[in-house]
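Please look over the sequence and the structure before reading on.

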Amino acid sequence: MSEVRVLGDSVEGGEEILTPEALEFLAGLHAAFAARRDELLQARRVRREEAARTGKLDFLPETAHVRESDWKVAVAPPALRDRRVEITGPTDRKMTINALNSGAKVWLADLEDANTPHWRNVVGGQVNLRDAIRGDISLSTPEGKSYQLRDDVEHATIVVRPRGWHLDERNLEFDGRAGVGALVDFGLHFFHNVRALLADDKGPYYYLPKMESHLEARLWNDVFTHAQKELGIEHGTIRATVLIETIPAAFEMEEILYELREHASGLNAGRWDYLFSVIKYFRDAGEKFVLPDRNSVTMTAPFMRAYTELLVRTCHKRGAFAIGGMAAFIPSKDPEVAENASKKVHADKAREANDGFDGSWVAHPGMVGLCKEEFDKVLGDKPNQLDRTRDEVSVTAEQLLDVASTECGATAAGLRGAVDVGVRYIASWLGGNGAAAIHNLMEDAATAEISRSQLWQWVRNGTQLDNGQVVTRELVREVLGEVRQELTAVIPDDLLKEAVELFEEVALAEEFVDFLTLPAYERIK
């Protein structure tokens with residue numbers, strides 16, 4: 001029997017989540033899989049170093065038989081067959097209620113990028129999920145507002161996103177080592193809710209983030225198999241959608257689905273993390289991998305177009321759903337801002353629907369209707385587009401890596417914007433809010449990652465801005481100082497100081513930090 005220690009403070013409702021039985025279940029997951037997780041993280045570093053040497057990635061020759069053979073993923077359960085609109089957001093109580101009431105088909109209940117892993121959020125999120133699944137959730141605020149589940153709308157199906165493999169949970173120890181965040185998040189949700197979900201004709205459904213290889217998908221599949229067996233749940237009850245948000249995973253889409261095929265539901269195209277991964281993977285591969293301003297890299301850029309076309313083709317070839325990217329816009333009282341946001345959301349979702357995606361993401365209930373409208377035009381009464389197999393699509397490794405064909409360049413405004421948004425987001429994250437409304441967009445950790453990694457890349461390559469300035473550490477520090485001054489009126493001094501220090505660390509350090517949330521986690525209580 002493993003020794004389990006709970007090091008975090010007491011959280012309201014936590015005694016019903018961190019039960020002896022649940023902790024024993026988590027201990028079993030860690031005993032079986034934590035060491036393999038560590039090995040796979042080391043394998044990531046080895047593969048990245050090889051890519052740095054060669055400036056290349058390619059489809060794996062050793063798995064060609066998977067790509068060339070005939071197989072399908074498991075048929076989707078009824079609750080997941082229509083996914084035309086999915087809303088994302090953290091698992092705080094207000095968001096939980098609003099998401100379920102939003103009219104979206106699916107709620108991505110986010111324990112990852114839109115959630116700061118403060119212990120109170122980790123445990124409190126599980127409390128809120130438990131209550132939501134049982135239909136017993138409400139909220140009354142000190143301001144006199146009340147929130148409860150509506151009975152005149154179909155509640156969104158809950159799909160939980162646990163943390164990525166790279167993140168630990170220091171408030172739980174198993175045999176003297178910190179817990180694996182992914183196993184903690186998945187394990188607590190599955191243990192407490194699987195039977196209640198099945199009784200409601202739903203199931204334990206998950207979004208799996210940040211994977212870089214089919215071997216990581218194999219690990220998840222083994223976790224699912226173990227968990228179902230331990231609790232006496234029928235094999236294949238769990239269903240998972242994988243976010244293809246790293247560049248190496250783009251070369252293993254079919255293999256990832258294959259490894260999870262009895263538990264697979266689909267793939268998702270995650271834009272900001274994908275761009276971040278491209279930079280991270282090829283950060284020292286020269287100018288051909290230098291990206292322009294993040295806002296100018298649209299989904300129609302050649303290498304992004306290749307990625308999304310391949311994703312739809314791969315999914316429908318294998319009977320899996322293809323889910324499009326995030327519309328991060330939030331409603332605005334400014335008519336001009338609101339009109340601009342509406343036009344962009346309509347255009348983005350129309351493109352995805354016409355490309356064959358089965359659904360897409362929004363970040364705010366106010367955008368659900370716009371997304372639904374565009375998918376309704378294409379889907380009509382059909383629940384999805386699995387019949388559109390996109391046989392005409394053929395994507396090469398060169399097309400996936402053709403960053404150099406992206407139009408536009410680096411600008412002074414882009415540099416300042418990256419600093420401003422990065423600092424604002426990190427301050428919000430450190431303060432406990434991982435989903436931050438910034439400049440009329442709902443941002444999560446991926447925003448800060450692309451911002452800081454872009455500056456790191458520009459500095460290393462001596463990138464020239466549109467005003468003739470060359471990006472140097474000194475220039476970034478100068479802009480950082482100016483932004484800090486501007487933000488003193490809107491961010492508390494202690495948070496602003498920490499956010500500026502952390503942004504400078506992850507944007508300008510000699511050695512690239514794999515994930516800013518790693519040093520950020522050390523700064524939260």
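## Model and exposure

A residue is called buried under 20% relative accessible area, exposed over 50%, and partly exposed in between. The model discussed here is predicted.

Cys408 has a relative accessible area of 60%. Cys408 is therefore exposed, since the cut-off is over 50%. Its place in the chain is the loop between α13 (397-400) and α14.

Strand β6 spans residues 157-161 and is mostly covered. Five of its five residues are buried. The cover applies to both faces of β6. Thr157, Val159 and Arg161 point to one side, and they are buried.

Strand β3 (residues 106-110) runs parallel to β6, and five bridges join the two. Within this pairing, Leu108 stands opposite Val159 of β6.

## Strands β10, β11 and β12

Strand β11 (residues 264-269) is also mostly covered, with six of its six residues buried. It pairs with β10 (residues 239-244) in parallel, through five bridges. Strand β12 (residues 321-327) also pairs with β11 in the parallel sense, here over three bridges.

Val242 stands opposite Leu267. Leu267 in turn stands opposite Ala322 in β12.

## The second largest pocket

The second largest pocket holds about 380 Å³ of space. Its lining counts 21 residues. Asp92, Arg93, Gly124, Gly125 and Asn128 lie nearest the centre of this pocket.

Which helix gives the most to the lining of the second largest pocket? Helix α4 (residues 119-133) does, with eight residues. By class, the lining of this pocket divides into ten polar, six charged and five nonpolar residues.

Rolling a probe the size of a water molecule over the atoms shows where empty space is left. How many cavities of 30 Å³ or more does a search of the whole structure find? The search finds two.

The largest cavity has about 120 Å³ of space. It is lined by 17 residues, with Glu112, Asp113, Leu167, Ala445 and Thr517 nearest its centre. Helices α15 (445-461) and α18 (517-521) each supply at least two lining residues. The largest share, three residues, comes from α15. The lining of the largest cavity divides into eight nonpolar, three polar and six charged residues.

The second largest cavity has a volume of about 40 Å³. Its lining consists of Lys210, Glu212, Glu245, Thr246, Asp273, Phe276, Ser277, Lys280 and Phe515. Five of these residues are charged, two are polar and two are nonpolar.

## Cysteines

A disulfide is a covalent bond between the sulfur atoms of two cysteines. With a cut-off of 2.5 Å between cysteine sulfur atoms, the count of disulfides comes to zero. Cys315 is in no disulfide, and the nearest cysteine sulfur, that of Cys371, is 16 Å away.

Is Cys315 buried or exposed? Cys315 is buried, because its relative accessible area is 0%.

## Positive phi angles

Most residues other than glycine have a negative phi, and most peptide bonds are trans. Cys408 has a positive phi, near 80°, and is not a glycine.

Asn440 also has a positive phi, of about 70°, although it is not a glycine. Asn440 is found in the loop between β14 and β15 (441-443). Its relative accessibility is 34%, so Asn440 counts as partly exposed.

## Gly434

Where does Gly434 lie? Gly434 sits in the loop between α14 (412-430) and β14 (436-438). Its relative accessibility is 2%, which means that Gly434 counts as buried.

Leaving aside residues up to four places away in sequence, Gly434 touches Asp113, Ala114, Asn115, Thr116, Tyr425, Trp429, Glu443, Asp444 and Ala445. Gly434 and Val471 are 37 residues apart in sequence. Their C-alpha atoms are 29 Å apart in space.

Key
Residues numbered from 1 in each chain as written. Predicted model: local features only at pLDDT ≥ 70, side-chain atom pairs only at ≥ 80, totals over all residues. Heavy atoms only, no water. Buried < 20%, exposed > 50% of the residue type's maximum accessible area, 1.4 Å probe, protein only. Helix = DSSP H or I, 4+ residues; strand = E, 2+ residues; numbered from the N terminus. Pairing = 2+ DSSP bridges. 1 Å grid on protein atoms, 1.4 Å probe; cavity = no way out; pocket = protein on both sides within 12 Å on 5 of 7 lines; lining within 4 Å. Points joined across faces, edges and corners; volume = space filled by probe spheres on them. Nonpolar A, V, L, I, M, F, W, Y, C, P; charged D, E, K, R; others polar. Contact = heavy atoms within 4.5 Å.
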